Amino acid sequence: LSGWHMAKAVLIRRGQGAIMQLAGRQQKAWLPHEQIRPLVGPSEQEILEALGGKPVKLWLDTSSLHTGLPVATMWQRDEDDEESSETE
């Protein structure tokens, strides 16, 4: 399940981040506010505006859990950066 997924925000938690519902799955993930792209402050309004109810692309790391949910990020993973630099 680790890898890139499309997901939508289902719940914003007091400016700390959002619980995301993975597209086509029953699985949910935790997206901390500091992992939202573009960067947002720790306010529910900023997070809501950034995620906007539309599907967003997330990297899911099932080895890292927050309250039982896999942790997600909207930023590229280091291994993606290494692959792109090797092809240049």
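## A buried histidine to start with

His33 is buried, with a relative accessible area of 18%; buried means under 20% relative accessible area, exposed means over 50%, and partly exposed lies in between (1.4 Å probe, protein chains only). This is a predicted model, in which local features need pLDDT of at least 70 and side-chain atom pairs count only at pLDDT 80 or more, while totals for chains, interfaces and linings use all residues. Residues are numbered from 1 along each chain as its sequence is written, and side-chain values use heavy atoms, with hydrogens and water left out.

Where does His33 sit? Its place is the loop between β3 (28–32) and α1 (44–51). Helices (H or I, at least four residues) and strands (E, at least two) are DSSP runs, numbered from the N terminus. The side chains of His33 and Glu34 are joined by a polar contact of 3.2 Å. A polar contact is a pair of N or O atoms within 3.5 Å; within protein, one must be able to donate a hydrogen and the other to accept it, and residues adjacent in sequence count only if both atoms are side-chain atoms. Not counting residues up to four places away in sequence, His33 touches Gly15, Gln16, Gly17, Val40, Gly41, Pro42 and Ile47; contact here means heavy atoms within 4.5 Å.

## The chain as a whole

Now for the wider view. The chain holds two helices and five strands, and along the sequence they follow the pattern β-β-β-α-β-β-α. Of the 88 residues in the chain, 36% are buried. Among the contacts with a separation of 6 or more, 51% are between residues 24 or more positions apart.

Strand β2 (residues 17–22) is mostly covered, with five of its six residues buried. On one side, β2 pairs with strand β1 (residues 3–13) in the antiparallel sense over six bridges; two strands pair if DSSP finds at least two bridges between them. Arg13 stands opposite Gly17 in β2. The hairpin of β1 and β2 has three residues between the strands, and Arg14 takes a positive phi near 35° there.

β2 also runs antiparallel to β3, joined to it by five bridges. In this pairing Ile19 stands opposite Trp30 in β3. The hairpin that β2 and β3 form has five residues between them, and Gly24 in the turn has a positive phi of about 75°.

Gln21 is placed in strand β2. A polar atom of its side chain lies 2.6 Å from the backbone oxygen of Arg25 and one lies 3.3 Å from the backbone oxygen of Gln27. Leaving aside neighbours within four places in sequence, Gln21 is in contact with Met6, Ala7, Lys8, Val10, Gln26, Gln27 and Lys28.

His5 belongs to strand β1. Is His5 buried or exposed? At 14% relative accessibility, His5 counts as buried. A polar atom of the His5 side chain lies 2.6 Å from the backbone oxygen of Leu1. Beyond four places in sequence, the contacts of His5 are with Leu22, Arg25, Val56, Lys57, Leu58 and Leu60.

## A pair of tryptophans

Rings of Phe, Tyr and Trp (its six-membered ring) pair if their centres lie within 6.5 Å; planes under 30 degrees apart count as stacked, over 60 as edge-to-face and the rest as tilted. By this rule the count comes to one aromatic pair. Trp4 and Trp59 form this edge-to-face pair, 5.5 Å centre to centre with 75° between the planes. Trp4 lies in strand β1 and Trp59 in strand β4 (residues 56–66), so the pair ties together parts that are 55 residues apart in sequence.

Trp4 is partly exposed, with a relative accessible area of 30%, whereas Trp59 is buried at 16%. The charged end of Lys57 sits over the ring of Trp4, 5.0 Å from its centre; a charge sits over a ring if NZ of Lys or CZ of Arg is within 6 Å of the ring centre and within 35 degrees of the ring normal.

## The nonpolar core

A nonpolar core is a set of buried Ala, Val, Leu, Ile, Met, Phe, Trp, Tyr and Cys residues joined through side-chain atoms within 4.5 Å. In the largest one, which has 17 residues, Met20, Leu31, Ile36, Ile47, Leu51, Leu58 and Met74 touch the most other members. β1, β2, β3, α1 and β4 each supply at least two residues of this core. Leaving aside neighbours within four places in sequence, Ile36 is in contact with Leu31, Ile47, Ala50, Leu51, Met74 and Trp75.
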